[in-house]
Amino acid sequence: MNCPYCGHSDCKVIDSRDVSQGIRRRRQCLSCGSRFTTYERLHPASLFVIKKDRRREEFDRNKLLTGIRKACEKRPLPTGTVDKLVDDIEADLYRLGRAEIPSAFIGDMVMERLKSLDHIAYIRFASVYREFADITTLKREVDTLLSAGAETPSSQLPLLSAEELGVIRDGRASRKRGRVKTRSRT
Ligand SMILES: [Zn+2]
């Protein structure tokens with residue numbers, strides 16, 4: 001470790017502590033006495049994604065981020081949600097300790113998380129990832145989502161209650177809509 005001030009090659013460690021996912025070391029140059037800090041982080045071995053056509057491609061965090069970001073575009077999600085999601089997935093992937101992971105596995109991980117985050121983002125991602133060929137496939141996915149009785153993610157607008165739907169069927173929706181009550185969750 002060369003001193004960043006004088007270039008001397010010897011230094012001593014004067015303090016060392018664990019920080020998130022690494023070690024922070026405070027060092028002092030044995031020549032000029034300057035102090036500097038180094039961080040040691042575990043660098044994971046490279047991870048390869050097995051594509052549908054069996055080709056291998058190095059795991060690309062940015063690619064994953066772009067795809068999820070697109071699905072979440074204009075959704076009412078707090079800042080940093082998408083980055084956090086990608087961080088979690090990436091960490092889980094490396095934790096598996098495998099050199100190769102099928103792309104379908106990663107896609108399913110994304111879907112699973114989006115499902116509990118935002119249903120619209122989930123459907124958007126699914127329509128690209130599962131390559132919905134037509135509206136029927138899309139409808140089936142939405143039906144599955146609804147029939148699963150999945151808890152409405154907190155970021156979503158509440159669904160209309162049966163009573164409110166009745167109001168809409170009666171043709172008074174336009175006037176009532178502004179006063180739709182938030183469905184209480186139990
Ligand atoms: Zn120095």
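**Figure 1. Contacts across the whole chain.** Of the contacts in the chain with a separation of 6 or more, 44% are between residues 24 or more positions apart. The model shown is predicted. The chain has 186 residues, and buried residues make up 28% of them. Its secondary structure comes to 7 helices and 6 strands. Along the sequence, these elements follow the pattern β-β-β-β-β-α-α-β-α-α-α-α-α.

**Figure 2. The sheet with the order β5-β4-β6.** This view shows an open sheet of 3 strands. Its pairing is mixed. In general, strands of a sheet pair through backbone hydrogen bonds, either parallel or antiparallel. The edge strands are β5 (56-58) and β6 (100-102). Each of these edge strands pairs on one side only. On average, neighbouring strands of this sheet are turned by 35° against each other, direction ignored.

**Figure 3. Strand β4 beside strand β6.** Strand β4 covers residues 48-50. β4 and β6 run parallel, and 3 bridges join them. Look for valine 49 here: its bridge partner in β6 is isoleucine 101.

**Figure 4. Helix α4 packed with helix α5.** Two packed helices are described by the angle between their axes and the distance between the axes. Helix α4 spans residues 119-129, and helix α5 spans residues 135-147. The angle for this pair is about 145°. The axes of α4 and α5 lie 11 Å apart. The crossing of α4 past α5 is right-handed.

**Figure 5. Side by side: the residues where α4 meets α5.** From α4 come His119, Tyr122, Ile123 and Ala126. In α5 they meet Leu138, Glu141, Val142 and Leu145. By class, the residues of this contact of α4 with α5 divide into 6 nonpolar, 1 polar and 1 charged.

Figure 6. A disulfide is a covalent bond between the sulfur atoms of two cysteines. How many disulfides does a search of the whole structure find? The search finds 0. Is cysteine 29 buried or exposed? Cysteine 29 counts as buried because its relative accessibility is 3%, and the cut-off for buried is under 20%. Cysteine 6 has 42% relative accessibility, so cysteine 6 counts as partly exposed.

Note on methods
Residues numbered from 1 in each chain as written. Predicted model: local features only at pLDDT ≥ 70, side-chain atom pairs only at ≥ 80, totals over all residues. Heavy atoms only, no water. Axes fitted to C-alpha atoms, helices over the stretch in contact; angles between N-to-C directions. Helix = DSSP H or I, 4+ residues; strand = E, 2+ residues; numbered from the N terminus. Left-handed = near helix turned anticlockwise from the far one by under 90°. Contact = heavy atoms within 4.5 Å. Nonpolar A, V, L, I, M, F, W, Y, C, P; charged D, E, K, R; others polar. Pairing = 2+ DSSP bridges. Disulfide = S-S within 2.5 Å. Buried < 20%, exposed > 50% of the residue type's maximum accessible area, 1.4 Å probe, protein only.
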